[in-house]
Amino acid sequence: MSANEDQEMELEALRSIYEGDESFRELSPVSFQYRIGENGDPKAFLIEISWTETYPQTPPILSMNAFFNNTISSAVKQSILAKLQEAVEANLGTAMTYTLFEYAKDNKEQFMENHNPINSAVNIDKQYHLN
């Protein structure tokens, strides 16, 4: 099967699996976002996966540059991306977008264990209530 055929099959599967899931967003037929954690969760984060022309034979592009992640330190983002990259290497040649999103969901607490929200609304709110 060609990369394009693999991508079409995976796209169809992702649309079916995540239909109605508010955490999933299809940015384009080759680019997807998934929010790990519930709305309002200070440890929630957003992962973006973009397929290259030759994906899944070559790795997808992983990103955490979304504005949603602006309270997460670059060290925590780099740590999460490094762990996801290991999963990419283990799954190279196979449809892995769903696998990567599920891996992040299953490991959210471990991924975010060193996260201290920076200027988050929760911390600001607490400051006002303590006075």
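How much accessible surface does the protein chain have, and what percentage of it belongs to carbon and sulfur atoms? The accessible surface comes to about 7800 Å², and 50% of it belongs to carbon and sulfur atoms. Accessible areas were computed by the Shrake-Rupley method with a 1.4 Å probe, and for residues only the protein chains shown count as cover.

The model is predicted: local features need pLDDT of at least 70, side-chain atom pairs count only at pLDDT 80 or more, and totals for chains, interfaces and linings use all residues. Residues are numbered from 1 along each chain as its sequence is written, and side-chain values use heavy atoms, with hydrogens and water left out.

## Overall organisation

The protein chain contains five helices and four strands, arranged along the sequence as α-β-β-β-β-α-α-α-α. Helices (H or I, at least four residues) and strands (E, at least two) are DSSP runs numbered from the N terminus. Of the 131 residues in the protein chain, 40% are buried; buried means under 20% relative accessible area, exposed over 50%, and partly exposed in between (1.4 Å probe, protein chains only). Among the contacts with a separation of 6 or more, 53% are between residues 24 or more positions apart, where contact means heavy atoms within 4.5 Å.

## Strands

Two strands count as paired if DSSP finds at least two bridges between them. β1 and β2 are antiparallel and share four bridges, and the hairpin that joins β1 to β2 passes through two residues. Phenylalanine 24 has tyrosine 34 in β2 as its bridge partner. Tyrosine 34 in turn has isoleucine 47 in β3 as a bridge partner. β2 and β3 run antiparallel and are joined by six bridges. β3 also pairs with strand β4 (residues 61-63), in the antiparallel sense and over three bridges; here the bridge partner of serine 50 is isoleucine 61. Five of the six residues of β3 are buried, so β3 is largely enclosed by the rest of the structure.

## Nonpolar core

In soluble globular proteins, nonpolar side chains tend to be buried together. A nonpolar core is defined here as a set of buried Ala, Val, Leu, Ile, Met, Phe, Trp, Tyr and Cys residues joined through side-chain atoms within 4.5 Å. The largest such core has 27 residues, and those with the most contacts inside it are Phe45, Ile47, Ile80, Leu84, Leu100 and Phe101. At least two residues of this core come from each of α1, β2 (31-36), β3 (45-50), α2 (74-91) and α3. α2 supplies the largest share, six residues. Apart from its neighbours within four places in sequence, leucine 100 is in contact with Ile49, Pro60, Leu62, Leu84, Ala87 and Val88.

## Aromatic pairs

Rings of Phe, Tyr and Trp (its six-membered ring) pair if their centres lie within 6.5 Å; planes under 30 degrees apart count as stacked, over 60 as edge-to-face and the rest as tilted. The count by this rule is 11 aromatic pairs. Two of them are listed here.

| Pair | Centre distance | Plane angle | Class |
|---|---|---|---|
| Tyrosine 18 and phenylalanine 101 | 6.2 Å | 75° | edge-to-face |
| Tyrosine 103 and phenylalanine 111 | 5.7 Å | 70° | edge-to-face |

Tyrosine 18 is buried at a relative accessible area of 4%, as is phenylalanine 101 at 0%. In the other pair, tyrosine 103 is partly exposed, with a relative accessible area of 28%, whereas phenylalanine 111 is buried at 2%. Ring pairs also link Tyr18, Phe24, Phe32, Tyr34, Trp51, Tyr55, Tyr98 and Phe101 into a cluster.

Glutamate 102 is located in helix α3 and is buried, with a relative accessible area of 17%.

Glutamine 7 belongs to helix α1 and is buried, with a relative accessible area of 9%. A polar atom of the glutamine 7 side chain lies 2.9 Å from the backbone oxygen of tyrosine 55. Leaving aside neighbours within four places in sequence, glutamine 7 is in contact with Val30, Trp51, Thr52, Glu53, Thr54 and Tyr55.

Key
A polar contact is a pair of N or O atoms within 3.5 Å; within protein, one must be able to donate a hydrogen and the other to accept it, and residues adjacent in sequence count only if both atoms are side-chain atoms.
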